[in-house]
Amino acid sequence: MSLRRCELCNTEIAKYRCPRCMKYSCSLACVKKHKALYSCNGIREKAAFVSVNEFSNLTLLSDYRFLEDGGRMTDRAARDALSHKPKSNRFVNFLRNRARRCKICLQTLPIGFTKRRENSTFYSNKEQKFYWHLKLIFPQSHAKFTEQRVPDDKPLCDILKTYIDPQESDPVKQQRLKIYTISPQSDIQILMKVENRPNNSVRYQELDANKSLLDNLKGKIVIEYPTLHVVLRKFTTDMVILGQNVNKEINTSNEDMIKEDSSEEEGEIHDSS
């Protein structure tokens, strides 16, 4: 390692090596920069592929400990009484009711699912608006980002400014999303997957960047939180976008589902009372 230079600044002698991506760095600043640039968490990937030529006794011991850890976690989960105890759905029902008032069909996943666990969406009674957990996917740069506490009245173009705006975007994000930064705004397209469709018929709807997040979500189905795909029109992808007439039909169908969901919940309230 003493003969290698830092792969981030390329000036200082390397002092550290990332256990996950094996990148060399010289200081804490370069370590943080490499984590942001490569979306690396710095944690060794225990289940990473190891070729036969590189397989050793240490690799075998690591695999054995990995299986032991998995067995312990499974046993601990089976004996944990709290994980099997029914949890209150008051908060979830509150969010769904508020979303229904905004003409959004909010659906939630069972406890234990990753999206349910990482979702940080909440509703502010004081300000009378949602603060969404939001995931942004940039397929042309193979990048994913997560935004928290995004107000529902914030336009999509303002949300994307910190990512792809040449003047206002973060330098690290700008470097990673360079192909978006140098592209004209008219070439950028924001898509959202249409939920509750067959796996062999995946479709996307185009969102209006000049409208707020709330206006774009109205009449749509959201599972836990919105996931936006930011694509460039000049690239050919397998993402099939609904036409304007089909969009109208989907929105009508989604609004019907919201009404059905509303009637079901009202029935549950009457039953409980």
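View 1. Leu 60 is partly exposed, with a relative accessible area of 49%; partly exposed spans the range between buried, under 20% relative accessible area, and exposed, over 50% (1.4 Å probe, protein chains only). The model is predicted: local features need pLDDT of at least 70, side-chain atom pairs count only at pLDDT 80 or more, and totals for chains, interfaces and linings use all residues. Residues are numbered from 1 along each chain as its sequence is written, and side-chain values use heavy atoms, without hydrogens and water. Leu 60 sits in helix α2 (residues 57–79). Helices (H or I, at least four residues) and strands (E, at least two) are DSSP runs, numbered from the N terminus. With Val 50 and Phe 55, Leu 60 forms a nonpolar surface patch; together they have about 250 Å² of accessible area. Patch residues have over 30% relative accessible area and no salt bridge, and nonpolar side chains are joined within 5 Å. A salt bridge puts a Lys or Arg side-chain nitrogen within 4 Å of an Asp or Glu carboxyl oxygen. Areas are Shrake-Rupley values, 1.4 Å probe.

View 2. Cys 30, Val 31 and His 34 are the buried residues of α1 (residues 28–38). They cover an arc of only 105° around the axis, so they lie on the same side of α1. The arc uses directions from the helix axis to the C-beta atoms. These buried residues pack against β1 (16–17) and β2 (24–25), with contact meaning heavy atoms within 4.5 Å. Ser 39 follows α1, with a positive phi near 50°.

Notes. Patch = residues over 30% accessible without salt bridge, like charges linked within 9 Å, V, L, I, M, F, W, Y side chains within 5 Å.
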